[in-house]
Protein chains: 2
Amino acid sequence: MARPRQQDTKQLLDAATQLFWRQGFAATGTREIELALGLKSPAIYHRFHSKHGLFCASLRHYIESVIDWRIRHYLDAEDALTGLCAFFESIPQNAKRFQQPSSCLLVNTSLERASADEEIQACLHEGTHKIFLALRSNLLRLQAQHLLAPNAKIDQLADNLQLQLFGLLVSSRLNNEHHSLADKARHIIATLPITATTGANE
Amino acid sequence: MARPRQQDTKQLLDAATQLFWRQGFAATGTREIELALGLKSPAIYHRFHSKHGLFCASLRHYIESVIDWRIRHYLDAEDALTGLCAFFESIPQNAKRFQQPSSCLLVNTSLERASADEEIQACLHEGTHKIFLALRSNLLRLQAQHLLAPNAKIDQLADNLQLQLFGLLVSSRLNNEHHSLADKARHIIATLPITATTGANE
DNA sequence: TCTATTTTGTATCAATCGATACAAAATAGA
DNA sequence: TCTATTTTGTATCGATTGATACAAAATAGA
């Protein structure tokens, strides 16, 4: 009943997310967005109403693709401890693989002026809460397997792991030497109150 | 031999630093800078050559004022342990006092696109290295006072403390609830390998 | 007082910003 | 085939961007 779309929304959001991820909201212009998305601005504004709307959609897309994938692939992995280690180690690995630190769109945005916006803040809160819950769930599984001290305060521990995750992402943009970043990631794992040595840590 | 300056450079950089700190490089326009500095753009460009030049000068000014003050006042305090605790606790306290999280200009900038610039990266490296050295020096004093395990790896520990500092600053922009932030800060201190209880921790 | 030197403001630049009016293009159902 | 509906491109909008040409303003030394 109507003209079909040349690019589906997923494709567009993939491209937009990459752009905002790398450069931030303010530093990304509409002309640059047109090139990356392969659509002229009226077509983009027809679907997303504004640059702000496209950015919010990109944030949600980032959570549903990147964040959710990382949670499923690492933190929810069958072997909880191996997954947790791989989760942190993937950050220096990605920085090495793609020659530039990827950081995290949520962390980047939280430090931009854009974070003052209510809708954006809601997205950021949702995304970071997902990460917290996934870390928490992973730690609970570790505890159930008697790999974590039975009196460990899981909520505090998950909160602190998320804190260190944020710090690692900041460090990855400050210093992209692989060895230094990998050391930092290893230290995060090594200081977990693991009770038994299974060969996965240290 | 020439017309005297209406505002000295320190005043200008104080204002510019506040602006970039709050909003970032890309989101801060020249008209806004004019208002904050109380000078028209030609006078500003006469002193700093470009917006980029003003930003670099602001970064250096931030290191020499904010960062150096925090190191002197907290990390280099006579009582090393109390100073270290106060260093981390000052972040939730400042977020509460000024009703908005201050974060850190160096951390904010490292996640902006601007961080790709070589001159800016050198400033960021200098500032963060200063923090690392101050944390390291504080830990060495703790160890000399037998408050820290004698086999503790000071460099790794200082590196990780800086990592958690970065994480705390990110968290302060994501969630400005004072109690939650204060908990995070307290947890950082509580997990230090302190050997004796002096009343300052736990 | 006059001149050399530096700082500042007026006015404005081309370029780019985010955004839109409008019509052509492309389909599905009648 | 015709029409209703949606998507897309052309062309362009006023506003703002970072930056500058130029002259007035303000001092110190001659």
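Copies are superposed by least squares on the C-alpha atoms of residues with pLDDT of at least 70 in both. On that basis, a rotation of 180° with 0.0 Å of shift along its axis places chain A on chain B, at an RMSD of 0.1 Å. This is therefore the relation of a two-fold axis. The model is predicted: local features need pLDDT of at least 70, side-chain atom pairs count only at pLDDT 80 or more, and totals for chains, interfaces and linings use all residues. Residues are numbered from 1 along each chain as its sequence is written, while chains are lettered from A and ligands numbered from 1 in the order in which they are written.

**Axis and chain A–chain B interface**

- In chain A, the C-alpha nearest the axis belongs to A:Gly167, 2.1 Å from it.
- The same surface serves both copies, with 100% of the contact residues of chain A recurring in chain B.
- Contact (C-beta atoms, placed from the backbone, within 7 Å) links 28 residues of chain A with 28 residues of chain B.
- Four helices of chain A each supply at least two residues to the side that touches chain B: H6 (105-110), H7 (118-144), H8 (154-174) and H9 (178-190). Helices are DSSP runs (H or I, at least four residues) and strands likewise (E, at least two), numbered from the N terminus.
- H8(A) gives the largest share of that side, 12 residues.
- By class, that side of chain A has 10 nonpolar, 13 polar and 5 charged residues. Ala, Val, Leu, Ile, Met, Phe, Trp, Tyr, Cys and Pro count as nonpolar, Asp, Glu, Lys and Arg as charged, and the others, Gly among them, as polar.

**DNA strand C**

- Around DNA strand C lie 24 residues, of which A:Arg3, A:Gly29, A:Thr30, B:Ala2 and B:Pro42 come nearest. A residue is near a strand if its C-beta atom, placed from the backbone, lies within 6 Å of it.
- Two or more residues come from each of H2 (30-37) and H3 (41-48) of chain A and H3 (41-48) of chain B.
- H3(B) provides the largest share of this surface, 4 residues.
- The surface near DNA strand C divides into 10 nonpolar, 8 polar and 6 charged residues.

**Helix packing in chain A**

- H1 (residues 9-23) and H4 (residues 51-75) of chain A pack at about 95°, with axes 9 Å apart. Axes are lines fitted to C-alpha atoms, for helices over the stretch in contact, and angles run from 0 to 180 degrees between N-to-C directions.
- H1(A) is therefore roughly perpendicular to H4(A) (65 to 115 degrees).
- Residues making the contact include A:Phe20 of H1(A) and A:Tyr62 of H4(A).

How values were computed: Contact = placed C-beta atoms within 7 Å. Parallel < 35°, antiparallel > 145°, perpendicular 65-115°, else oblique.
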